[in-house]
Amino acid sequence: MMTDNSSVARPAVVYEKRGDVALAIIDHPPVNALSLAVRKGLLEALDSAARDDGVRAVVILCRGKTFVAGADIKEFGRPMEPPFFGEVIDRLDAFAKPVIAAIHGNALGGGLELALACHWRIAAPSARVGLPEVKLGTLPGAGGTQRLPRLVGLELALKMIVEGRPIGAAEALKNGAIDAIASGDLEADAIAFAREALSRENPLRRARDVTVAPDPILFERAEADARKRQRGAEAPLKCIEAVRLATELPFDEAAKREYALCIALLQSPQSKALRHIFAAEREVAKPPAAMAGAAPRPVKTAAVIGPGVMGAGIAICLLDAGFPVSLLGRSSASLESARARIGKIYDSGVTRGTLTAEQKADRLGRLKTTQSYDDLGDADLIIEAVDEDMAVKREVFRALDRVAKRGAVIATNTSFLDVDALARETGRPGDVAGMHFFNPANVMRLLENVRGAQTSDDVAATLMDVGKRLGKTSVLIGACEGFVGNRMLSKRSREALFMMEEGATPWRIDKALYDFGFPLGPHALADMAGLDIVLATRRARYDRLTPRERACDIIEQLVARGRLGQKSGAGYYKYDANRKSSPDPEVEQLLRDHAKARGIVPRAFDDAEIVERCVYAMVNEGAKLIEEGVVRRPHEIDIVWTHGFGFPAHKGGPMFYADQIGLPRVRDALRRYATTVGAEYFEPSPLIVRLADKGAGFYSNG
Ligand code: 3HC
């Protein structure tokens, strides 16, 4: 048995024998990452197997829920202690007895690289294999970009490495990434496979011995695709470069270059940002310490109020997760059209092959529609998704209070209305909360779970539990107008309007933010949503706008001219029959006239000012959210913005980005804009001033 010097009490790798087959059993929770203890343990196990003449083959397998999920991400950014992972790989390469990887759960990153360096691979039917390093802003650094293309061909390897998406066991077997799927017990099947491998013609088959022919067109296509789909990200292009080496250089030379590329990327700001997002995603899923011990209420049945686009989308999320769902609407026509909308979305899933006809039938079979609140008495969770009109919502909450069973969780999907006021409409404010889905609810992964002032701990825990069951990235936040996302967005929108008034065209602003990394500029986005919708939101908040914000009535003017966005053929932009946008001189004239009427002399803007005014305004608001306790820490904000609002993940979210820029710089810029735009808009939050003054950041203590 190997001993382990790390703080983990039990050995990370256990060496056992089953007759003539040795087992190297990795047992290193939570995900068997390749930490120092595992690397050491594997080398020792291989040494033991090499020394023992009674051992003819070796099986590497894992205890716990998964095979090796990769290098230990927690070791990144620190000096790595030997033995390095490369030594384990080299040892496998030179090993004189067949080594078989027995995969269950996930073989990811270094985990798959370990398996690829073995001579053979067998997997449980539910296993997945992949090289997701690109999602951490780096690339496989232990031969993954060299061995995978040799086994599965360039096309699939490029797809898996550049997009970082794992494949299932069946696809892996079909394409040669693995050699067999276990039909019974994985360990027993792997041992049997090992014995059978000994009698094969080439028991020591190595991926490295295969050659891959160059395919310049494929690489060109992959590059064009990566530039388009992962705009601004460095790692995907470096992944392609590394795979290309497999077609150009001898294996060892290419592997050396791959490692150098991997290490260089690991030190890049983009990789740091993406690793921050990986950690933040897991951090926000954990309950706050104050809520420890609050168990989620059991939720078996759900109801949705409001058969509109949001209501139907939310119903799909619930149906997909296996809940029976009652959808309540005021008329049978609206309910029928919601059912048709849901059916159409499932049809397209069947056409695309992401859903079987049986799954579609099962999901639709669990959907009940009703016009009567009395039918909701069984629901454990009720989500209200009616129009954003407080009077209508109050009425719904009063009705729900009458019919909902004791202990049912009642959530509103409002995007900016007062959750506490709705809770007060009921005699059970502790059971009321917000579940803010994003449109289209069945596609967008973000879920803002909103705790009202009186929401009880177990209800908050229930929201997070349901979010997880729906496959959402959920954040738990406090109640305030617009919550995290829309409240910060409103500051960006304000600055965009102000800058238009001061001389920047909508397309100038859009381009600067697009180049920053947002998938769409705010005006292109507004045109997509519909300017009438944007105006309705503005009107709902009108009494809270400053005099300058009210006077900056560009949206009103556009809507008054019938410019409602894409749907009317013109909004900020004009659109051709294919909805292709182009700048519109009429809008430029409108802005010139507006500025003149407001006594503002238009001026030129550079990218830096546009980005700073939009993004720093958001960061300043984010700091206020932390100060007010709406969020516990910056993590929630970064997750909301990267998962729901298109903030480029490789910049880590607005708060991480501000730290990278340096809070003293952000503070100084805010002070500058406080002078030029107005203190009521840009006065730096006390938190930013305090952190900047002591050289700290949102995530660091200085
Ligand atoms: N290293 C260290 N810790 C890891 C880890 C890793 N590679 N992968 C996951 N963890 C930790 C998580 O941080 C979490 O810790 P916490 O409980 O303290 O928050 C815990 O393991 C459980 O993780 P999840 O909550 O994500 O558990 P799930 O069951 O939902 O998912 C998983 C499991 C699919 C394995 C998922 O964790 C995952 O995708 N991990 C990352 C895989 C990856 O990116 N591997 C590549 C690493 S880079 C590399 O290998 C470089 C190589 O080329 C040399």
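**View 1. Thr426 sits in the loop between helix H16 (419–424) and strand S15 (432–437).** Helices (H or I, at least four residues) and strands (E, at least two) are DSSP runs, numbered from the N terminus. This is a predicted model: local features need pLDDT of at least 70, side-chain atom pairs count only at pLDDT 80 or more, and totals for chains, interfaces and linings use all residues. Residues are numbered from 1 along each chain as its sequence is written, and side-chain values use heavy atoms, with hydrogens and water left out. Thr426 counts as buried, at 7% relative accessibility. Buried means under 20% relative accessible area, exposed over 50%, and partly exposed in between (1.4 Å probe, protein chains only). The side chain of Thr426 reaches the backbone oxygen of Ala423 at 2.7 Å. A polar contact is a pair of N or O atoms within 3.5 Å; within protein, one must be able to donate a hydrogen and the other to accept it, and residues adjacent in sequence count only if both atoms are side-chain atoms.

**View 2. The ligand is surrounded by 24 residues.** The closest are Ala71, Gly110, Glu113, Glu133 and Arg282. A residue is near a molecule or strand if one of its heavy atoms lies within 4 Å of it. The shell divides into 12 nonpolar, five polar and seven charged residues. Here Ala, Val, Leu, Ile, Met, Phe, Trp, Tyr, Cys and Pro count as nonpolar, Asp, Glu, Lys and Arg as charged, and the others, Gly among them, as polar. Strand S5 (106–108), helix H3 (110–117) and helix H11 (269–284) each supply at least two residues of this shell.

**View 3. Six strands form an open sheet of mixed pairing.** Their order is S1-S2-S3-S4-S6-S9. Strand S1 (13–18) and strand S9 (180–181) stand at the edges, each with a single partner strand, so one side of each has no neighbour in the sheet. Two strands pair if DSSP finds at least two bridges between them. S1 and strand S2 (residues 21–26) are antiparallel, with six bridges. The bridge partner of Tyr15 in S2 is Ala24.

**View 4. Strand S4 (residues 99–103) is largely enclosed, because five of its five residues are buried.** In a regular strand the side chains alternate between the two faces of the sheet. Val99, Ala101 and Ile103 point one way from S4, while Ile100 and Ala102 point the other way. Strand S3 (residues 57–62) pairs with S4 in the parallel sense over three bridges. Val59 stands opposite Ile100.

**View 5. Strand S10 (residues 302–305) is covered on both faces.** Ala302 and Val304 are buried on one side, Ala303 and Ile305 on the other. S10 pairs with strand S13 (residues 381–384) in the parallel sense over four bridges. With strand S11 (residues 325–328), S10 is also parallel, over four bridges. Val304 stands opposite Ile383 in S13, and its bridge partner in S11 is Leu327.

**View 6. Helix H4 (residues 144–152) is mostly covered.** Nine of its nine residues are buried. Among them are Thr145, Gln146, Arg147 and Arg150. Gly153 follows H4, with a positive phi near 90°.

View 7. A disulfide is a covalent bond between the sulfur atoms of two cysteines. The rule used here is a pair of cysteine sulfur atoms within 2.5 Å, and the count comes to zero disulfides. Cys118 counts as buried at 2% relative accessibility. Cys480 is buried too, at 16%.

**View 8. Ala192 lies in helix H7 (residues 186–198).** Ala192 is partly exposed, with a relative accessible area of 43%. Ala192 and Leu364 are 172 residues apart in sequence and 44 Å apart in space, C-alpha to C-alpha.
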